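Hi,

Here is the structure I promised to pass on.

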Amino acid sequence: MSVKVRIPTILRTYTGGQAEVTAEGAKLSEVIESLEKDHPGIAARVLDDQGKLRRFVNVYVNDDDVRFEGGLDAATPDGAGVSIIPAVAGGC
């Protein structure tokens, strides 16, 4: 299954500046493996040392938060859009 992955600005150094890349996989874990194969180093920014999604990284398949759709086992149907969104904190 081919999906479009939207890459946040902070991770575009791994994709040569591309804001959107194509990856393969029927579920999110396979999509991340595909990303890592084509863009080495990016998986470490999305996954923790145990191979789970980092706490402060939100991932959506289409408009669905994968935390409520099976996490790394979330289905990524052909043509889906995957968005990686790092949490932003700050303030006064």
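Before the cavity, a word on terms: on a 1 Å grid over the protein atoms alone, a cavity is a set of points where a 1.4 Å probe fits but cannot get out, and its lining residues have an atom within 4 Å of a point. Grid points are joined across faces, edges and corners, and a volume is the space filled by probe spheres set on the points.

Now the housekeeping. This is a predicted model, where local features need pLDDT of at least 70 and side-chain atom pairs count only at pLDDT 80 or more, while totals for chains, interfaces and linings use all residues. Residues are numbered from 1 along each chain as its sequence is written, and side-chain values use heavy atoms, with hydrogens and water left out.

**The cavity**

The count comes to 1 cavity of 30 Å³ or more, and the largest cavity holds about 30 Å³ of space. Its lining is made up of Leu28, Val31, Ile32, Leu35, Val46, Val59, Val82 and Ile84. Helix 1 and strand 5 are the elements that give two or more residues to that lining (helices are DSSP runs of H or I with at least four residues, strands are runs of E with at least two, and both are numbered from the N terminus). Helix 1 has the largest share, 4 residues. By type, the lining has 8 nonpolar residues, no polar and no charged (nonpolar is Ala, Val, Leu, Ile, Met, Phe, Trp, Tyr, Cys and Pro; charged is Asp, Glu, Lys and Arg; the others, Gly among them, are polar).

**The core**

The largest nonpolar core has 23 residues, and Val5, Val46, Leu53 and Ile84 have the most contacts inside it. A nonpolar core here is a set of buried Ala, Val, Leu, Ile, Met, Phe, Trp, Tyr and Cys residues joined through side-chain atoms within 4.5 Å; buried means under 20% relative accessible area, exposed over 50%, and partly exposed in between (1.4 Å probe, protein chains only). Helix 1 (28-38) is one of the elements that supply at least two residues of this core, and helix 1 gives the most, with 4. Val46 is in contact (heavy atoms within 4.5 Å) with Leu11, Ile32, Lys52, Leu53, Arg54, Val57 and Ile84, leaving aside neighbours within four places in sequence.

Helix 1 also carries Ser34. Ser34 is buried, with a relative accessible area of 10%, and touches Ala23 and Glu24, not counting residues up to four places away in sequence.

Strand 1 runs antiparallel to strand 2, joined by 5 bridges, with Ser2 opposite Glu24 and Lys4 opposite Thr22. Strand 1 and strand 5 run parallel, with 3 bridges; Arg6 has Ser83 in strand 5 as its bridge partner.

Is Asp63 buried or exposed? Asp63 is exposed, with a relative accessible area of 74%, and lies in the loop between strand 3 and strand 4. Asp63 and Asp48 are 15 residues apart in sequence and 23 Å apart in space, C-alpha to C-alpha.

Cheers

Terms used: On a 1 Å grid over the protein atoms alone, a cavity is a set of points where a 1.4 Å probe fits but cannot get out, and a pocket is an open set with protein on both sides within 12 Å along at least five of seven lines; lining residues have an atom within 4 Å of a point. Two strands pair if DSSP finds at least two bridges between them.
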